[in-house]
Amino acid sequence: MHGYSRLGRSKSGGVIGGGKSSSSSSFSSKSSSSWSKFVYLFMSAIFRRRGLLLFAPLLYIAGMLLYMGSLSFDIVLVSKHHRLPPPPPGSLYTSPQLFHNLWPFMLNSSNNSTSLNVLMKAWTVKEDRQWKPCANKTLPQIEFPKSNGYLIIEANGGLNQQRLSICDAVAVAGLLNATLVIPIFHLNSVWRDSSHFGDIFDENFFIQSLGKHVQVVRELPDDILQQFDNNISNIVNLRVKAWSSPAHYLKKVLPQLLEMRAVRIAPFSNRLAQSVPSKIQGLRCFANFGALRFSEPIRTLAESMVDRMVKHSSQSGGKYVSVHLRFEEDMVAFSCCEYDGGAEEKREMDIARERSWRGKFKRKHRIIKPGANRVDGRCPLTPLEVGMMLRGMGFDNTTLVYVAAGKIYKEQKYMAPLKQMFPRLQTKDTLATPEELAQFKGHSSRLAALDYTVCLHSEVFVTTQGGNFPHFLMGHRRYMYGGHSKTIKPDKRRLALLFDNPNIRWEVFKQQMKDMLRHSDQKGTEVKKASESLYTFPMPDCMCKQVEPKNENANIGKTMKL
């Protein structure tokens with residue numbers, strides 16, 4: 001082995017230990033030869049003294065161990081002096097350093113800003129080619145044939161996963177000509193919310209709105225319950241696979257429904273395929289955008305919160321920005337990403353992962369790669385990163401920002417720079433009084449419903465981590481705003497590289513952020529593809545495209561279904 005590869009170079013450019021590579025090799029060879037001669041002479045001396053002959057094996061072994069130990073020492077030196085390759089760009093959380101460098105420029109741009117706030121001109125909406133809601137027009141209003149039986153489903157997860165299950169259940173009930181029982185909400189280990197359907201959604205409105213399309217009842221009739229010994233758990237639970245087709249329901253579920261008069265499907269999340277016949281899609285549309293509205297207590301406070309946001313943003317025409325910030329402890333833990341908390345953060349994340357997902361992250365062959373996750377855009381954006389992105393896009397320190405979130409991990413530390421960049425920031429805890437929020441405390445889905453409503457009515461919505469909340473909001477906003485989601489959906493792979501470049505110039509950073517905003521604007525009116533969800537892309541299943549004729553003498557626009 002060459003001395004260079006084992007020990008590396010010294011500051012003087014030579015090999016540690018002096019001399020060039022060839023001379024070192026020669027020295028090593030001579031050294032080895034000298035060692036061999038020493039061992040030979042030593043062993044000869046021992047053999048000449050017969051009294052020490054019995055100790056020869058032990059002395060030989062000791063000499064060999066010493067010799068091997070010297071090799072081991074060389075290996076240690078290699079590991080000490082070997083320089084590891086630098087981490088891949090974007091794999092480390094270095095955003096605080098970037099903020100430290102860019103903050104003076106942000107301050108200067110705020111003080112010298114004379115142009116209109118980007119909030120007033122963020123989106124390009126073509127008034128002559130807007131989409132219009134028309135979900136209820138696709139549904140035939142017919143006399144119900146006799147019901148084939150009762151469908152019971154269990155909705156699990158958080159607010160919008162429950163919403164998805166409810167809307168899909170309406171569609172399946174219509175497909176099977178079944179009577180839908182108001183869905184049961186499963187107590188989720190992560191969300192930990194014991195709310196029932198009527199605590200979150202307006203139960204009477206739901207039943208009445210669907211009255212001409214799907215039969216809905218609050219509970220099973222007594223005669224059906226008696227058939228199962230008054231225990232709903234005795235009703236057969238059909239294990240339907242995820243994304244099952246309508247044909248599967250007609251072939252496997254309908255016969256059981258006709259025979260038993262009641263069937264149960266639990267869990268029911270994502271149990272209906274995305275691509276189904278237009279009549280079934282129409283039921284999904286109407287359930288989501290027409291029949292589901294929040295309960296009266298939630299609506300009352302949520303509408304007040306929206307009014308307060310509009311009043312606080314009067315200088316920008318009542319327009320404000322909302323951000324869905326996914327930086328709760330559970331989300332940070334689940335992402336398996338690393339930030340700047342060191343050993344304490346690692347210990348807290350290990351505890352959080354084990355608490356919510358027992359054993360999942362400790363399975364054999366499970367490898368956690370925080371750097372790879374960050375480069376791949378899988379890490380939740382910190383409040384600091386969201387703030388830098390928005391300031392780079394042109395939103396100045398006068399912009400009113402609403403943050404929708406649960407309990408932020410190490411809130412005082414991580415929220416401070418966001419508040420520094422946007423001092424007019426609001427949350428549900430600052431916008432509503434403790435007395436107003438008291439009835440919702442301890443119920444994460446009801447609190448999420450408040451956030452959902454305030455975000456729905458914002459001029460700009462910012463999504464930072466994916467999930468059902470932003471997906472449903474984007475679809476709902478498209479349904480409300482002529483087909484445009486008015487949503488900033490950042491390219492987090494690109495952001496990871498930019499945030500890991502503390503020497504980037506402010507002008508370059510701003511241009512990158514504005515390009516990202518422009519891209520979000522262009523993607524705002526995307527039309528649903530076969531494999532995508534209509535809850536995110538309601539066009540064309542739930543909306544009609546209205547084209548205004550170019551002829552000025554024309555009296556009305558022509559509406560056509562695509």
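A salt bridge here is a side-chain nitrogen of Lys or Arg within 4 Å of a carboxyl oxygen of Asp or Glu. The model is predicted, and by this rule the count comes to 25 salt bridges. The tour visits some of them, then turns to a sheet.

**Stop 1: helix α22**

Select Lys510 and Glu507. Their side chains form a salt bridge, with 3.5 Å between the closest N and O atoms. Both residues belong to helix α22 (residues 506-522), and because they are 3 residues apart, about one helical turn separates them. Is Lys510 buried or exposed? Lys510 has a relative accessible area of 17%, and the cut-off for buried is under 20%, so Lys510 is buried. Glu507, at 48%, is partly exposed.

**Stop 2: Glu526 and Lys523**

Now select Glu526 and Lys523. Their side chains meet in a salt bridge of 3.2 Å, N to O. Glu526 has a relative accessible area of 24% and is partly exposed. Lys523 also counts as partly exposed, at 37% relative accessibility.

**Stop 3**

Select Asp376 and Arg493. The closest N and O atoms of this salt bridge are 2.8 Å apart. Asp376 sits in the loop between α14 (370-375) and α15 (383-393), whereas Arg493 is in helix α21 (residues 492-499), so the pair ties together parts that are 117 residues apart in sequence. With 27% relative accessibility, Asp376 is partly exposed.

**Stop 4: a network**

Select Asp202, Arg293 and Arg299 together. Salt bridges link these residues in a network.

**Stop 5: the sheet**

Switch to a cartoon view and colour strands β7 to β10. In which order do the strands of this open sheet lie? The order is β8-β7-β9-β10, 4 strands with parallel pairing. At the edges are β8 (401-404) and β10 (487-488), each of which pairs on one side only. Strands of a sheet pair through backbone hydrogen bonds, either parallel or antiparallel.

Select β7 (residues 321-324) and β9 (residues 460-463) next. These two strands run parallel and are joined by 4 bridges.

**Stop 6**

Helix α20 lies across β7, β9 and β10. What angle does helix α20 make with β9? The helix runs at about 155° to β9.

Conventions: Residues are numbered from 1 along each chain as its sequence is written. This is a predicted model: local features need pLDDT of at least 70, side-chain atom pairs count only at pLDDT 80 or more; totals for chains, interfaces and linings use all residues. Side-chain values use heavy atoms; hydrogens and water are left out. Buried means under 20% relative accessible area, exposed over 50%, partly exposed in between (1.4 Å probe, protein chains only). Two strands pair if DSSP finds at least two bridges between them. Contact means heavy atoms within 4.5 Å. Axes are lines fitted to C-alpha atoms, for helices over the stretch in contact, and angles run from 0 to 180 degrees between N-to-C directions.
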